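Colleague: I have a model open and some quick questions. Can we start with the metal site?

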Amino acid sequence: MKLTNYLTLFAVLFAIVGSACTQSNNNNGALGGSAAEKVYVAPGEQDEFYAFLSGGYSGNLTVYGLPSGRLLKEIPVFSQFPTSGYGYSEETQPLLNTSHGFIPWDDLHHPDISQTNGELDGRWIFANGNNTPRIARISLETFETQEIIEIPNSAGNHSSSFITENTEYVVAGTRFSVPVPQRDMSIDEYKSNFKGAVSFVEVNEETGHMDLSFQIMMPGFNYDLGHPGRGESHGWFFFTTYNTEEANTLLEVNASQNDKDFIAAINWKKAEEYIAQGKFTTMKTEYAHNVYDESTHTGTSTMKKEVRVLDPTELPGLVYFLPTPKSPHGVDVDPSGEYIVGAGKLSASLTVHSFSNMMEAIETENFEGEAYGIPILNYENIVAGVVESAGLGPLHTEFDGRGNAYTTFFISSEVVKWELGSWEVIDRKPTYYSVGHLMIPGGNSRKPFGKYVVAMNKITKDRYLPTGPEMEHSAQLYDISGEKMELLLDFPTHGEPHYAAGAPAELIAPRSKKFYELEENNHPYAVKSESETRVERDGKTVHVYMTTIRSHFAPDNIEGIKVGDVVYFHITNLEQDFDVPHGVAMIGANTSELLIMPGQTKTFRWDPDRVGVWPFYCTDFCSALHQEMQGYVRVSPANSNIGLSWSLDGE
Amino acid sequence: MIASSLLILGLFIFPMWNILLKAPQYPDGIGMDIWINKIVGTNPNDIQNINLMNHYVGMDPIPTEMAEFVVFPWVIGIMSAIGLGIGLIRKRKLFLVWFVIMSVLGGIGLYDFYSWEYKYGHNLNPRAPIKVPGQSYQPPVFGYKKILNFEAYSYPSTGAYFLFTGMFGSVVAYFVDKKEEEDDEA
Ligand SMILES: [Cu+2]
């Protein structure tokens, strides 16, 4: 080519590139500011934020990308999950063990991401089980549940699983007060006899392992939600209460009589001092502590036998009550730690207490009374302001880090933006319909990422194509970067999201694990190569040491199994590549399939109940030869003398 | 010339060639780094994953032992020692001789690389699950080639650049030395 030809080529190329640029600029101009463009994450592109939505009665946690609203994953936590075999595999069944035995379900409410210095650190996410009180810790490297601890002396673990600003503790407050210890007594004797345990579960800084440090045995109110102090108020934890009437029947009426209930302010640094001074009683109880070991790929369940208990009626300075109108639901502390926002759910206003006022009232002992020996502060002295007539039925508040707060109103079905300090309402936008909680990524921390708010609604009605009587709940995404909020997107959510936690993608994505190192697999039944695969009999129990790799099982022909045997298939996935799981399912096995990640070992149990030759196969379309990934097990009569044999390709 | 002899030892510190494979299933690519004495994955498990892909079409696994892995290090070691020797005695004409021998050896090396690739890509197990009539899987010696769903890129790596620089350096050394001598005479 001559020089002139080159020049011409360059000129043409430049023209094409240049015009393409101009075109896309024009497009930006035409679509600028449109909701569609703001939530559009082009094919191949990734979202800006992770959002972890509680699944409520699904028992699980769902992971969404924001702003697209795309569902990225469902993480099984408290419920058995056949998609992965969680809670079915021999390794994960211990995670769902409790003092009541194996419980395959719970009601997951309030996810909270671990923090350091009050800022999201993206290491773990905690979530509470409401029904049979439990707290789970989920790794944000593997997106797997790693630990579940049961909470004793508790019932309806609702004001949970909120963490302190260095993840020192994850807390659990009981929604249903109960006799402690549990005993046979008349329900009518509820008042002053039932107790509301508030638990502080210590989190190991390195491993994340949870340990129930102590419980504070509070009066028999209903403890609803909680929020840690931060900054100046670090060391305090705030819990909303309702049913300070201590009613035990028809609560909708009987627990709505007091004009004010309380926010309980608990000084947990003080609690630590009392513990150090030995001013606790050790109570016999029983609760399960279940830990999943990533190196053995196996969970174990240990039954704990006692707990340290602090009595706030005997220990001065441990707890104070902040009178707050109308059965408050949410209690939310602003990023500075000064303002404590109480959402009286039967009221039209929001009450904001001041932490410094509270401390002054405590110092000057400005009390308006006491309840069971716990001082009640004077409302007039502690209140910082009231957001008047903000809406109906306030539930929950988060913050944008620019001095604004966003509160959900269930009854008037809206999100209201208001300003801290002036207590003025700035904007309001309807939700569809009846919003519960909302979430701003980092919006409950010192450092919110105030770009979007997600509103999680309880009622769906006509928002989507009808799907019979039951509809998935709906979430709405709003842009909050401007003065006014802007509705961007509707997306359906799974189960019932009670709350959510969000974080910037760059905090979590880079550390997401791609596969498990086979070399680091310490599962007692793991095999690291096909040459180690085998079948062993121990009486009526048979252990199959099996491997998977594209596209076969090893071994894939097994003979010598007998009716009445208990057969454990221990399957190690030898793959060492991102996103290459293999699955396994056995005809007639009374369990789910298993999905085995590269480098991982999982086990299922099969009780062959009849003579024959029975196939098993890979359930995950792993490769071009996936349909060929299968095997046979010959089952002979119980009295047969056929010995064990196994093979792959005749060898 | 002494620098040249040392530079070619870079082959012991860096891989000399890289073959990168991209496919829809491998957006980031998987690859092999060819060293003077081994072939390793560009990422920790790439060799296993390349072998896994290749077994479907009946290719042999990437060798962990080859005669070349033993011979090449000796050849380079000896050539480096010789280069060092002639550098020290400063026999200028030998610089060029060294360069020519290195070029011939390099040529032989490249031919050897090609013939291994040929065998690697053509010697297919007749029982392979996937057979594409007339298809071979030989990666390119240099440049780009489309092989079924894979796009293969084959380029020299750091070690090779050390080698080239070293070889070229011997020629430069020849002329510099010559010029210095002429200047001295003048
Ligand atoms: Cu498979």
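Colleague: What arrangement do the four donor atoms around the copper ion make?
Modeller: Tetrahedral, because they subtend angles of 96 to 128°. Four donors count as tetrahedral if all angles lie between 85 and 135 degrees. This is a predicted model: local features need pLDDT of at least 70, side-chain atom pairs count only at pLDDT 80 or more, and totals for chains, interfaces and linings use all residues. Residues are numbered from 1 along each chain as its sequence is written, chains are lettered from A and ligands numbered from 1 in the order written, and side-chain values use heavy atoms, without hydrogens and water.

Colleague: Which residues are the protein donors of the copper ion?
Modeller: H582(A) through ND1, C618(A) and C622(A) through SG, and M629(A) through SD, lying 2.2 to 2.5 Å from the ion. Donors are N, O and S atoms within 2.8 Å of the metal (3.2 Å for Na, K and Ca); water is not among the atoms, so sites may look incomplete.

Colleague: How are the donor residues spaced in sequence?
Modeller: The pattern is H-x35-C-x3-C-x6-M.

Colleague: Are H582(A) and C618(A) buried or exposed?
Modeller: Both are buried, meaning under 20% relative accessible area with a 1.4 Å probe, protein chains only.

Colleague: New topic. What is the strand order in the open sheet of four strands?
Modeller: The order is β20-β21-β22-β25 in chain A, with antiparallel pairing. Strands are DSSP runs of E, at least two residues, and two pair if DSSP finds at least two bridges between them.

Colleague: Which strands stand at the edges?
Modeller: β20 (328-333) and β25 (383-387) of chain A. Each has a single partner strand, so one side of each is left without a neighbour in the sheet.

Colleague: And how many bridges join β21 and β22 of chain A?
Modeller: Four, in the antiparallel sense. V341(A) has V352(A) in β22(A) as its bridge partner.

Note on methods. Tetrahedral: all angles 85-135°; square planar, octahedral: opposite > 155°, others 65-115°. Buried < 20%, exposed > 50% of the residue type's maximum accessible area, 1.4 Å probe, protein only.
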